[in-house]
Amino acid sequence: MTVIVTAVFYPKPGRKQELAEAMRRGIAAVHTEDGCELYAIHDAEDGTITMIEKWSSVEALDTHGDSEQVKILRADIADLVEKPGVVTRMTPLPRGTQEQGQL
């Protein structure tokens, strides 16, 4: 079953662009993980950076949580965030067309 995740990152004041750049290496590493279908950051209007993720299964996501790739990401951004990120797991509720009704 597909799993969707949002992860909201809270940059230190004036460091949002630097945070986004610092995430580049970790994102590239995560893209190599089995089960990673989407792992993309977005500039949110509230001043945060939001990651939207799509994983092929709960097992793949669970493996990702303790992966070396995530350790890279965390290390690269540690000095750029104000507080821990908020991670939310979601299960799709497809509606409408297959193309538009789900990630």
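Colleague: Hi! What kind of model is this, and how are its residues numbered?
Modeller: It is a predicted model, where local features need pLDDT of at least 70, side-chain atom pairs count only at pLDDT 80 or more, and totals for chains, interfaces and linings use all residues. Residues are numbered from 1 along each chain as its sequence is written, and side-chain values use heavy atoms, with hydrogens and water left out.

Colleague: What box do the C-alpha atoms fill?
Modeller: Roughly 40 × 30 × 20 Å, taken along the principal axes.

Colleague: How much of the chain is buried?
Modeller: Of the 103 residues, 36% count as buried. Buried means under 20% relative accessible area, exposed means over 50%, and partly exposed is in between (1.4 Å probe, protein chains only).

Colleague: Which residues have the most contacts inside the largest nonpolar core?
Modeller: Those are F9, L19, M23, Y39, M51, W55 and I77, in a core of 21 residues. A nonpolar core is a set of buried Ala, Val, Leu, Ile, Met, Phe, Trp, Tyr and Cys residues joined through side-chain atoms within 4.5 Å.

Colleague: Which element gives the largest share of this core?
Modeller: Strand β1, with four residues. Elements that each supply at least two residues include β1 (3-11), α1 (16-22) and α4 (68-77).

Colleague: Back to Y39. What is Y39 in contact with?
Modeller: Leaving aside neighbours within four places in sequence, the partners of Y39 include I27, V30, M51, W55 and L73. Contact means heavy atoms within 4.5 Å.

Colleague: New topic: where does V3 lie, and is V3 buried or exposed?
Modeller: V3 lies in strand β1, and its relative accessibility of 6% makes V3 buried. The C-alpha atoms of V3 and E53 are separated by 8.1 Å, although these residues are 50 apart along the chain. Setting aside neighbours within four places, V3 is in contact with E53, K54, W55, S57, V58, L61 and M90.

Colleague: S57 is on that list. Where does S57 lie?
Modeller: In the loop between β3 and α3. S57 is buried at 15% relative accessible area. Not counting residues up to four places away in sequence, S57 touches M1 and V3.

Colleague: Last one: what about H42, and what does H42 contact?
Modeller: H42 sits in strand β2 and counts as partly exposed, at 39% relative accessibility. Beyond neighbours within four places in sequence, H42 is in contact with T48, I49, T50 and I52. Between H42 and A20, which are 22 residues apart along the chain, the C-alpha separation is 8.9 Å.
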